[in-house]
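Here is a short report on one chain.

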Amino acid sequence: MRYAKRGRLRFSSTRDFQRALERAVRRAGVPMAFSAGFHPHPRISYANAAPTGTASESEYFQLQLTQVCDVEKLREALDESLPTDLAVLRVVEAAPGALADLLQASVWQLDFEGIPLETLTEAVDAFMTRTELLVTRMTKSGVREFDVRQAVLTSDVVGVRSDAGAEIARWTMTIQHTTPAVRPNDVLKGIGELTELVVPRPPLMTRLAQGTLEPGNTVGDPFEQ
């Protein structure tokens with residue numbers, strides 16, 4: 001299943017979504033398969049969730065059911081049972097293999113207010129001319145240093161206007177999934193250290209797509225593989 005996380009719910013965590021989905025599954029009467037043991041849990045798996053604080057049009061999870069269902073009716077039932085701003089967009093029968101293996105890259109859109117377009121463009125250009133840019137981040141195994149530059153495959157900065165008429169500098173980039181995962185915040189941290197770019201307020205980050213890495217560094221639909 002592909003779902004979107006929008007509006008205020010971009011601040012929800014993966015665990016928040018898990019709780020909401022499990023309640024929605026019960027309300028919708030989905031014929032879920034459950035794990036064995038003293039504390040059975042619904043068989044749901046999640047793949048490469050977006051960080052808390054980011055919106056997304058391309059999140060994925062899988063359900064294991066006890067019977068075959070009409071996929072569109074299932075989508076509608078779950079969509080109606082989830083909170084507003086969590087939208088189930090598409091449901092397909094699972095293909096052989098792991099869904100996570102098909103999530104190889106993401107397209108991210110970052111909208112900046114309070115930064116002139118020229119300033120952001122210069123900073124991004126300086127970043128893209130580098131062959132390597134190391135940043136550090138605390139991970140479960142401790143502080144890790146990793147390269148953020150090689151993970152950014154495409155980059156485009158343009159000026160747009162928000163619905164309220166404000167001028168926005170919009171940066172769209174394709175990030176290849178690596179280990180450890182490179183997040184948009186990691187890239188911004190690297191650019192800040194490289195160029196001393198000052199971001200007066202955090203940009204609105206939205207994952208537009210997530211899927212297979214195709215020729216030309218485009219991102220393909222994992223459901224079409």
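## Salt bridges across the chain

Asp111 is buried, at 11% relative accessibility (buried means under 20% relative accessible area, exposed over 50%, partly exposed in between; 1.4 Å probe, protein chains only). This is a predicted model: local features need pLDDT of at least 70, side-chain atom pairs count only at pLDDT 80 or more, and totals for chains, interfaces and linings use all residues. Residues are numbered from 1 along each chain as its sequence is written, and side-chain values use heavy atoms, with hydrogens and water left out.

Asp111 forms a salt bridge with Arg170, and the closest N and O atoms are 2.7 Å apart. A salt bridge here is a side-chain nitrogen of Lys or Arg within 4 Å of a carboxyl oxygen of Asp or Glu. Arg170 lies in strand S9 (residues 167–176) and Asp111 in strand S5 (residues 105–112), so the pair ties together parts that are 59 residues apart in sequence. Helices (H or I, at least four residues) and strands (E, at least two) are DSSP runs, numbered from the N terminus. Arg170 is partly exposed, at 23% relative accessibility. By this rule the salt bridges number 10.

Salt bridges that share partners join Arg90, Asp221 and Glu224 into one network.

## Helix H1

The side chains of Arg19 and Asp16 meet at 2.5 Å, N to O. The two are 3 residues apart in H1 (residues 14–28), which means about one helical turn separates them. An α-helix has 3.6 residues a turn, so residues three or four places apart point the same way. Arg19 is partly exposed at 35% relative accessibility, as is Asp16 with a relative accessible area of 29%.

The buried residues of H1 are Phe17, Gln18, Ala20, Leu21, Ala24 and Val25. Their cover includes strands S1 (2–5), S2 (44–47), S3 (55–63) and S4, and helix H2 (71–81). The 15 residues of H1 should span 21 Å at 1.5 Å a residue, and the end C-alpha atoms are 21 Å apart, which agrees. The expected span is 1.5 Å times one less than the number of residues. Just after H1, Gly29 takes a positive phi of about 70 degrees.

Strand S8 (residues 152–161) pairs with S9 in the antiparallel sense, over 9 bridges. Two strands pair if DSSP finds at least two bridges between them. Val160 has Ile168, in S9, as its bridge partner. The hairpin has 5 residues between the strands, and Gly165 takes a positive phi near 95 degrees there.

## Gln210

Gln210 lies in strand S10 (residues 204–214). Gln210 is buried, with a relative accessible area of 2%. Its side chain makes a polar contact with the side chain of Asn48 at 2.6 Å, and reaches the backbone oxygen of Ser58 at 2.7 Å. A polar contact is a pair of N or O atoms within 3.5 Å; within protein, one must be able to donate a hydrogen and the other to accept it, and residues adjacent in sequence count only if both atoms are side-chain atoms.

Leaving aside residues up to four places away in sequence, Gln210 touches residues including Ala47, Tyr60, Leu103, His177 and Pro222. Contact means heavy atoms within 4.5 Å.
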